[in-house]
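Thanks, everyone, for making the time. I would like to walk through one structure with you, beginning with a single residue and then widening the view, so please have the sequence and the model open as I speak.

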Amino acid sequence: MRYFFSLLCILGFSTSLFAQNNSSSTSLNQDSLRAEIMQLRTELEETQTNLRISHNRFRTGILTSAIGYSIVILGGVLGGSEDYGEWGQPLIFAGGVVGVAGAVFIFNSNTFIGRAGGIPSRRERKKDGS
């Protein structure tokens, strides 16, 4: 009977130690899981911000290009008329410049898409020596 009681006390003590050890590891797992979730939320917010910026710059580029190339068309039409022929050449040139500026906006909007995808910018690659 004594051996049985001693064995029962040892088993009870060891299971209580195991339960305490298990609860501390569970606490560590919960803390690391919370940290991982916070990191993922931060990355998601950064990605959404980069995509939002890219979208706005793309729309600005499209609008600027459309205005510029409309000015080019207007310059071409006016260049062919007898009354306003002197306006044609400057409008074609100015519209071309505005249209190219819009194309640059569109091209630069893609850098934020790359950032959202985790692709480093050209500057970051030069700093790393790649």
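If we set aside its neighbours within four places in sequence, Thr-64 is in contact with Val-98, Gly-102 and Phe-105. Please bear in mind throughout that what you are looking at is a predicted model. Thr-64 itself is found in helix H1, which covers residues 2–79, and its side chain reaches the backbone oxygen of Thr-60 at 2.7 Å. Is Thr-64 buried or exposed? Its relative accessible area is 18%, and because buried means under 20%, Thr-64 counts as buried.

Let me turn now to the largest pocket, which holds about 430 Å³ of space. The elements that give two or more residues to its lining are helix H2, residues 85–116, and helix H3, residues 122–128. The largest share of that lining, 6 residues, comes from H2. In total the pocket is lined by 14 residues, and those that lie nearest its centre are Thr-111, Arg-115, Ser-121, Arg-122 and Arg-123. What is the make-up of the lining by class? There are 6 charged residues, 5 polar ones and 3 nonpolar ones.

The protein averages a pLDDT of 82, with 79% of the residues scoring at least 70.

Conventions:
Residues are numbered from 1 along each chain as its sequence is written. This is a predicted model: local features need pLDDT of at least 70, side-chain atom pairs count only at pLDDT 80 or more; totals for chains, interfaces and linings use all residues. Side-chain values use heavy atoms; hydrogens and water are left out. On a 1 Å grid over the protein atoms alone, a cavity is a set of points where a 1.4 Å probe fits but cannot get out, and a pocket is an open set with protein on both sides within 12 Å along at least five of seven lines; lining residues have an atom within 4 Å of a point. Grid points are joined across faces, edges and corners, and a volume is the space filled by probe spheres set on the points. Helices (H or I, at least four residues) and strands (E, at least two) are DSSP runs, numbered from the N terminus. Ala, Val, Leu, Ile, Met, Phe, Trp, Tyr, Cys and Pro count as nonpolar, Asp, Glu, Lys and Arg as charged, and the others, Gly among them, as polar. pLDDT is the predictor's confidence in each residue, from 0 to 100. Buried means under 20% relative accessible area, exposed over 50%, partly exposed in between (1.4 Å probe, protein chains only). A polar contact is a pair of N or O atoms within 3.5 Å; within protein, one must be able to donate a hydrogen and the other to accept it, and residues adjacent in sequence count only if both atoms are side-chain atoms. Contact means heavy atoms within 4.5 Å.
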